[in-house]
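Subject: Structure handover

Hi,

Here is the structure I promised to pass on. Please open it alongside this note.

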Amino acid sequence: MSPLRLPVTGPYNVLLVEDHLDDATLFQTMLERFGGVWKTRVVNTCKRAVETLAEGLTDVVLLDLGLPDTGLPDTEGLSALKEIGRAHPEAPVVVLTGAFAESTAQEALRFGAQDWLSKDVQPDALARSLLYAIERVAHVHSENGRLATLERLVRVVERLEGVCA
């Protein structure tokens, strides 16, 4: 396997939310191939994912759809994504599923997922998707910080204009 050719510093903490042990093991093994870049923690319910995210030690979530505690029947499996988004909107989420439907993929992106991957994804594509999700969210946070700073500066200038007028 070729090494990941991205600017990777790591290690990154991945929260893998997967209720099938075989799939969880497969994705953990894929990420271990990158030599310590990815540290994976596995939980098997949405409730446990929300609790784990509250610890603040997760860089990216790899989320299987259709978890057992998401209020099924949820034919598109988006309940877990919505719940994680409500509880932790800052968390980058990459959605994994065995059943691909373009409309569900678009909905997942609309509800905050950074990417959508089929469970037959190759290791390099999986790692790239996780890294890009982390980088996109970090960029948005950085830009939001800059915007907040500019807004504060505008208020200061407006107050100064009022004093000088």
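Among contacts in the chain between residues at least 6 apart in sequence, what percentage join residues at least 24 apart? The figure is 69%. Please keep in mind that this is a predicted model.

**Confidence**

The average pLDDT of the chain is 82. A score of at least 70 is reached by 81% of the residues. Strand β1 (residues 12–17) has the highest mean pLDDT among the elements, at 96. Helix α5 (residues 123–164) has the lowest, at 77. Treat residues 1–7 with care: pLDDT stays under 50 there. The model has 13 contacts beyond four places in sequence for that stretch.

**Overall layout**

The chain holds five helices and five strands. Read from the N terminus, the order is β-α-β-α-β-α-β-α-β-α. Of its 165 residues, 37% count as buried. The accessible surface is about 9300 Å². Carbon and sulfur atoms account for 55% of that surface.

**The sheet**

The five strands make an open sheet with parallel pairing. Across the sheet, the order is β2-β1-β3-β4-β5. At the edges sit β2 (38–43) and β5 (115–118), each pairing on one side only. From one strand to the next, the twist averages 25°.

Now to the individual pairings. Strands β1 and β3 run parallel and are joined by four bridges. Val14 has Val60 of β3 as its bridge partner. Four bridges also link β3 to β4, again in parallel. Here Asp64 is partnered with Leu96 of β4. Strand β4 (residues 93–97) is in turn joined to β5 by four bridges, and these two run parallel. Thr97 has Ser118 in β5 as its bridge partner.

**Strand β3**

Why is β3 described as largely enclosed by the rest of the structure? Because five of its five residues are buried. Buried here means under 20% relative accessible area.

Helix α3 (residues 79–87) lies across β3 (60–64) and β4. The helix runs at about 155° to β3.

Best wishes

Notes: Residues are numbered from 1 along each chain as its sequence is written. This is a predicted model: local features need pLDDT of at least 70, side-chain atom pairs count only at pLDDT 80 or more; totals for chains, interfaces and linings use all residues. Side-chain values use heavy atoms; hydrogens and water are left out. Two strands pair if DSSP finds at least two bridges between them. Axes are lines fitted to C-alpha atoms, for helices over the stretch in contact, and angles run from 0 to 180 degrees between N-to-C directions. Contact means heavy atoms within 4.5 Å. pLDDT is the predictor's confidence in each residue, from 0 to 100. Buried means under 20% relative accessible area, exposed over 50%, partly exposed in between (1.4 Å probe, protein chains only). Accessible areas come from the Shrake-Rupley method with a 1.4 Å probe; for residues, only the protein chains shown count as cover.
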